[in-house]
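Visitor: Could you walk me through reading a structure, one feature at a time? I would like the general idea and then the case at hand.

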Amino acid sequence: MRFLVKITIPTAAENPIVSNPGFDDTLRALYLELRAQATYSASQSRGRVDYILIDVEPADMAAIARPIFELLQVKVEFLQEVTPQKSFGHVNT
């Protein structure tokens, strides 16, 4: 199944690892290890949120979340990808 994984990146005050010079490289390597198909970042009022798109079976979610939690000490959310089944075509109005 395809999931969008939401990871709230803490501020440096919340987790000092974020201020390490190689933090972004470490995070990028982790996403590659998890076989992320795409990654997206968004700013928010208290830092940033990363989204990674992965294919994973529900039974393997804990194995995906564990290294992220160990690195950042944050909750990892799995949002199931929802795509339209097919187009409805032209609708007259």
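Visitor: Let's start with contacts. Which residues does I52 touch, leaving out those up to four places away in sequence?

Guide: This is a predicted model, so keep that in mind as we go. I52 touches F3, L4, V5 and I7, and also Y31, L34, A36, A38 and T39.

Visitor: Which residues have the most contacts inside the largest nonpolar core?

Guide: I52 is one of them, together with I7, I9, L27, I68 and L72, in a core of 20 residues. The elements giving two or more residues to this core are β1 (2–9), α1 (23–33), β3 (47–55) and α2 (61–72). Of these, α2 gives the most, with six residues.

Visitor: Now the strands. How many bridges join β1 to β3, and how many pair β2 with β3?

Guide: β1 and β3 run antiparallel and are joined by eight bridges; in that pairing, T8 stands opposite V49. β2 and β3 also pair in the antiparallel sense, over seven bridges. There, Q44 stands opposite G47, and a hairpin through two residues joins β2 to β3.

Visitor: What does A42 contact, beyond its neighbours within four places in sequence?

Guide: A42 lies in strand β2 (residues 38–44) and is in contact with G47, R48 and V49. Its relative accessible area is 34%, so A42 is partly exposed. The C-alpha atoms of A42 and T8 are separated by 9.7 Å, while the two residues are 34 apart along the chain.

Visitor: Is D50 buried or exposed?

Guide: D50, in strand β3, counts as buried because its relative accessibility is 3%, under the 20% cut-off. Leaving out residues up to four places away in sequence, D50 touches V5, K6, I7, I9, L27, Y31, Y40 and S41. The side chain of D50 also makes a polar contact of 2.7 Å with the side chain of S41.

Visitor: How should I read charged pairs, then?

Guide: The general idea is that side chains of opposite charge can pair when their charged atoms come close. In this model there are five salt bridges. One of them joins the side chains of D50 and R48, at 2.9 Å from N to O. R48 is partly exposed, with a relative accessible area of 25%. Salt bridges with shared partners join D24, R48 and D50 into one network.

Visitor: Where do K6 and E77 lie?

Guide: K6 and E77 form a salt bridge whose closest N and O atoms are 4.0 Å apart. K6 lies in strand β1 and E77 in strand β4, so the pair ties together parts that are 71 residues apart in sequence. K6 is partly exposed at 23% relative accessible area, and E77 counts as partly exposed at 27%.

Visitor: How many residues apart are D25 and R28?

Guide: They are three residues apart, both in helix α1, which is about one turn of the helix. The side chains of D25 and R28 meet in a salt bridge of 2.8 Å, N to O.

Visitor: Last, how do I read aromatic rings?

Guide: A pair of aromatic rings is described by the distance of the centres and the angle of the planes. A search of the whole structure finds one such pair. F3 and F78 are edge-to-face, 6.1 Å centre to centre with 85° between the planes. F3 is in strand β1 and F78 in strand β4 (residues 76–80), so the pair links distant parts of the chain, 75 residues apart. F3 counts as buried, at 5% relative accessibility.

Conventions. Residues are numbered from 1 along each chain as its sequence is written. This is a predicted model: local features need pLDDT of at least 70, side-chain atom pairs count only at pLDDT 80 or more; totals for chains, interfaces and linings use all residues. Side-chain values use heavy atoms; hydrogens and water are left out. A nonpolar core is a set of buried Ala, Val, Leu, Ile, Met, Phe, Trp, Tyr and Cys residues joined through side-chain atoms within 4.5 Å. Buried means under 20% relative accessible area, exposed over 50%, partly exposed in between (1.4 Å probe, protein chains only). Helices (H or I, at least four residues) and strands (E, at least two) are DSSP runs, numbered from the N terminus. Contact means heavy atoms within 4.5 Å. Two strands pair if DSSP finds at least two bridges between them. A polar contact is a pair of N or O atoms within 3.5 Å; within protein, one must be able to donate a hydrogen and the other to accept it, and residues adjacent in sequence count only if both atoms are side-chain atoms. Rings of Phe, Tyr and Trp (its six-membered ring) pair if their centres lie within 6.5 Å; planes under 30 degrees apart count as stacked, over 60 as edge-to-face and the rest as tilted.
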